[in-house]
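Subject: Structure for your review

Dear colleague,

Please find below the structure that I am handing over to you. My findings come after it.

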Amino acid sequence: VYFASPKGVPATAFRLVEGKEGRAVFENRKHDFPVRILYWLGTDGSLHARIEGPGEKPKAYEWIWRKVSTAGR
């Protein structure tokens, strides 16, 4: 179970529905938005996160984090 608490709001539980190496998907179909939270590793080692939800036009937001070299600092 993943407990999401953005901006300090009370935590909402999302159940793991897919878990395999390099990928995890959590869902809570009773939540308004998001209903799915996905995390996965890119082939370049980057970390991806995506949230998805229903509506008249389904919404999704995605973030990517990449390692930054600190060599030469």
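Predicted model: local features only at pLDDT ≥ 70, side-chain atom pairs only at ≥ 80, totals over all residues.

Residues are numbered from 1 along each chain as its sequence is written, and side-chain values use heavy atoms, with hydrogens and water left out.

**Overall form**

The protein chain has six strands and zero helices (DSSP runs, numbered from the N terminus: E of at least two residues for strands, H or I of at least four for helices). Its radius of gyration, taken over C-alpha atoms, is 15 Å, well over the 11 Å that the globule rule gives for 73 residues, so the chain is more spread out than a compact globule. That rule is 2.2 Å times the number of residues to the power 0.38. Along the principal axes, the C-alpha atoms fill a box of roughly 50 × 30 × 25 Å. Buried residues (under 20% relative accessible area, with exposed over 50% and partly exposed in between; 1.4 Å probe, protein chains only) make up 27% of the 73 residues.

**Largest pocket**

A pocket here is an open set of points on a 1 Å grid over the protein atoms alone, where a 1.4 Å probe fits, with protein on both sides within 12 Å along at least five of seven lines; lining residues have an atom within 4 Å of a point. The largest pocket is lined by 16 residues, with Ala4, Pro6, Pro34, Ile37 and Ile51 nearest its centre. Two or more lining residues come from each of β1 (2-4), β2 (12-20), β4 (36-41), β5 (47-53) and β6 (59-65).

**Arginine 36**

Arginine 36 lies in strand β4 and is partly exposed, at 21% relative accessible area. Its side chain makes polar contacts (N or O atoms within 3.5 Å, one able to donate a hydrogen and the other to accept it; residues adjacent in sequence count only if both atoms are side-chain atoms) with the side chains of glutamate 27 at 3.0 Å and glutamate 52 at 2.8 Å.

**Serine 46**

Serine 46 sits in the loop between β4 and β5. With 2% relative accessibility, serine 46 counts as buried. Its side chain makes polar contacts with the side chains of aspartate 44 at 2.6 Å and histidine 48 at 3.1 Å.

Yours sincerely
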